[in-house]
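Please view the sequence and the model together before reading on.

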Amino acid sequence: MLAKAVFLGGFAVAAGLTPARADDNDYPTEARADYVFGCMAANGQTREALTKCACSIDAIAAILPYDKYVQASTILGMRQGIGQRANEFRSTKMFDDQVAELRRAQAEAEIRCYRQTGR
């Protein structure tokens with residue numbers, strides 16, 4: 001029985017179906033909670049939304065180091081402004097690359113957490 005559980009657990013890890021553990025990365029609990037609150041506000045205040053949103057930040061955290069997450073989130077926030085400063089954040093390739101990394105992590109999180117059948 002234990003061998004079967006170990007085998008299935010190893011298969012799930014290899015398939016990328018298990019969520020990241022909280023100690024696998026450097027995301028503070030407050031940042032995770034903030035993400036989940038915002039995600040739930042956008043996706044409904046349901047238990048299912050909580051599960052999917054928590055899975056999503058875990059998946060993002062497994063892919064993208066926290067400092068890169070903060071940088072990309074800051075760039076996205078600055079791009080929403082108006083004026084010369086906001087334009088600098090919109091027109092700099094380095095910033096585009098940082099945001100693209102976050103977008104790739106978000107896309108992977110969506111696949112892992114929102115599009116899986118049987119979840």
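The model is predicted: local features need pLDDT of at least 70, side-chain atom pairs count only at pLDDT 80 or more, and totals for chains, interfaces and linings use all residues. Residues are numbered from 1 along each chain as its sequence is written, and side-chain values use heavy atoms, with hydrogens and water left out.

**Disulfides**

- A disulfide is taken here as a pair of cysteine sulfur atoms within 2.5 Å, and the count by this rule is 2.
- With bonded cysteines counted along the chain, the pattern of the disulfides is 1-2, 3-4.
- Cys39 and Cys53 form a disulfide with their sulfur atoms 2.0 Å apart.
- This pair links distant parts of the chain, 14 residues apart, with Cys39 in helix 2 and Cys53 in helix 3; helices are DSSP runs (H or I, at least four residues) numbered from the N terminus.
- The torsion about the S-S bond of Cys39 and Cys53 is about -75°, so this disulfide is left-handed.
- Buried means under 20% relative accessible area, exposed over 50%, and partly exposed in between (1.4 Å probe, protein chains only).
- Cys39 counts as buried because its relative accessibility is 9%, and Cys53 is buried at 0%.
- Cys55 and Cys113 form a disulfide, again with sulfur atoms 2.0 Å apart.
- Here too distant parts of the chain are linked: Cys55 belongs to helix 3 and Cys113 to helix 6, 58 residues apart.
- The link of Cys55 and Cys113 is left-handed, with -75° about the S-S bond.
- Cys55 is buried at a relative accessible area of 9%, and Cys113 is buried at 2%.

**Nonpolar core**

- A nonpolar core is a set of buried Ala, Val, Leu, Ile, Met, Phe, Trp, Tyr and Cys residues joined through side-chain atoms within 4.5 Å.
- The largest such core has 24 residues, and those with the most contacts inside it are Tyr27, Tyr35, Ile57, Ile60, Leu64, Tyr69 and Leu102.
- Helix 2, helix 3 (47–63), helix 4 and helix 6 each supply at least two residues of this core, and helix 3 gives the largest share, 7 residues.
- Contact means heavy atoms within 4.5 Å; leaving out residues up to four places away in sequence, Tyr69 touches Tyr27, Tyr35, Ile57, Ile60, Leu64 and Leu102.

**Largest pocket**

- A pocket is an open set of points on a 1 Å grid over the protein atoms alone, where a 1.4 Å probe fits, with protein on both sides within 12 Å along at least five of seven lines; lining residues have an atom within 4 Å of a point.
- The volume of the largest pocket is about 200 Å³, a volume being the space filled by probe spheres set on the points.
- Its lining includes Tyr35, Cys39, Tyr69, Leu102 and Glu110.
- Helix 2 (29–43), helix 4 (66–79) and helix 6 (93–114) each supply at least two lining residues, and the largest share, 5 residues, comes from helix 6.
- By class, the lining has 7 nonpolar, 3 polar and 1 charged residues, where Ala, Val, Leu, Ile, Met, Phe, Trp, Tyr, Cys and Pro count as nonpolar, Asp, Glu, Lys and Arg as charged, and the others as polar.

**A buried glutamine**

- Gln98 lies in helix 6 and is buried, with a relative accessible area of 18%.
- Apart from its neighbours within four places in sequence, Gln98 is in contact with Gln71, Ala72 and Ile75.
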